[in-house]
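Here is a short report on strand pairing, backbone angles and charged pairs. Follow it with the model open.

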Amino acid sequence: MAFFRGIFSLLVISLVVIAVLFVDFTYKTFSLRQRDVKSDAIVVLAGGRGRVEEGVRLYRENRARWLFLIGVDPAVRKGELFVERRGERSGEGVFLENVSRNTLENALYAREMIVRHNVSSIKLITSRYHMKRATLIFRQVLPKDIAIYPHPVDSKNLKEEWWSHGGSFRLLFSEFYKYCLFRLFFLFASSELRFSAGR
């Protein structure tokens with residue numbers, strides 16, 4: 001009987017710890033704010049509504065020299081995402097990457113573009129719910145001297161009253177689960193993932 005009480009106590013403690021960590025993750029997710037800072041490049045993780053549009057807007061406002069659209073569908077052409085407009089900034093500094101299909105691949109392929117263009121700071125754009133995981137992965141993959149400025153984009157499928165909205169709760173918990181898995185992954189990942197090229 002004592003054995004089962006011990007197992008039950010351990011289970012309860014584990015659930016409490018998970019709940020506390022999840023609430024902390026959620027609080028920090030909603031606490032993220034866009035910062036009005038310039039960077040060398042704007043990196044957009046394509047796929048979520050409003051992400052590309054926000055990146056294009058900031059690029060047109062000269063908030064960065066480069067705009068890297070990462071994880072774009074191979075069937076999509078540059079002219080469909082960045083429409084040239086008379087009297088406005090041209091798309092000369094806009095580049096598409098259409099091979100990566102998940103966040104880790106996004107970071108790895110973006111790293112090649114970032115290093116190739118001698119970028120020292122990026123504004124990272126993705127959906128709010130995805131930002132903590134994306135930032136974690138980019139910080140692990142990019143050279144340590146590259147500054148990362150998270151720039152979350154809000155989406156209709158994430159409500160601030162997440163505790164009373166089933167879809168938001170599932171979305172946040174799914175991201176929390178993936179975030180924890182990547183935290184563990186990077187504890188044991190090969191150092192090859194951590195780019196340490198001389199700059």
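In β4, Ile125 is the bridge partner of Val44. This is a predicted model, where local features need pLDDT of at least 70, side-chain atom pairs count only at pLDDT 80 or more, and totals for chains, interfaces and linings use all residues. Residues are numbered from 1 along each chain as its sequence is written, and side-chain values use heavy atoms, with hydrogens and water left out.

**Strand β4 and its neighbours**

Helices (H or I, at least four residues) and strands (E, at least two) are DSSP runs, numbered from the N terminus. Strands pair if DSSP finds at least two bridges between them. Strand β1 (residues 39-45) and β4 run parallel, joined by four bridges. Seven bridges join β4 to strand β5 (residues 147-153), also in parallel. There, Ile122 has Ile148 of β5 as its bridge partner.

How many residues of strand β4 are buried? Seven of the seven (residues 121-127) are, so the strand is largely enclosed by the rest of the structure. Buried means under 20% relative accessible area, exposed over 50%, and partly exposed in between (1.4 Å probe, protein chains only).

β4, helix α5 (residues 128-141) and β5 form a right-handed β-α-β unit. Right-handed means that, with the strands pointing away from the viewer, the path from the first strand over the helix to the second runs clockwise.

**Positive phi**

Most residues other than glycine have a negative phi. Asn62 has a positive phi of about 60°. Asn62 sits in the loop between α2 (51-60) and β2 (64-70) and is partly exposed, at 42% relative accessible area. Asn118 has a phi near 55°. Asn118 belongs to the loop between α4 (103-116) and β4 and is exposed, at 62% relative accessibility.

**Salt bridges**

A salt bridge is a side-chain nitrogen of Lys or Arg within 4 Å of a carboxyl oxygen of Asp or Glu. The whole structure holds eight. Three of them are listed here.

| Pair | N to O distance |
|---|---|
| Glu61 and Arg57 | 3.0 Å |
| Arg128 and Asp154 | 2.5 Å |
| Glu175 and Arg133 | 2.8 Å |

Glu175 in helix α6 and Arg133 in helix α5 are 42 residues apart, so this pair links distant parts of the chain. Both Glu175 and Arg133 are buried. Salt bridges that share partners join Glu54, Arg57 and Glu61 into one network. Glu61 is partly exposed, at 43% relative accessible area. Arg57 is partly exposed too, at 36%.

Arg128 is buried at 8% relative accessibility, whereas Asp154 is exposed at 53%.
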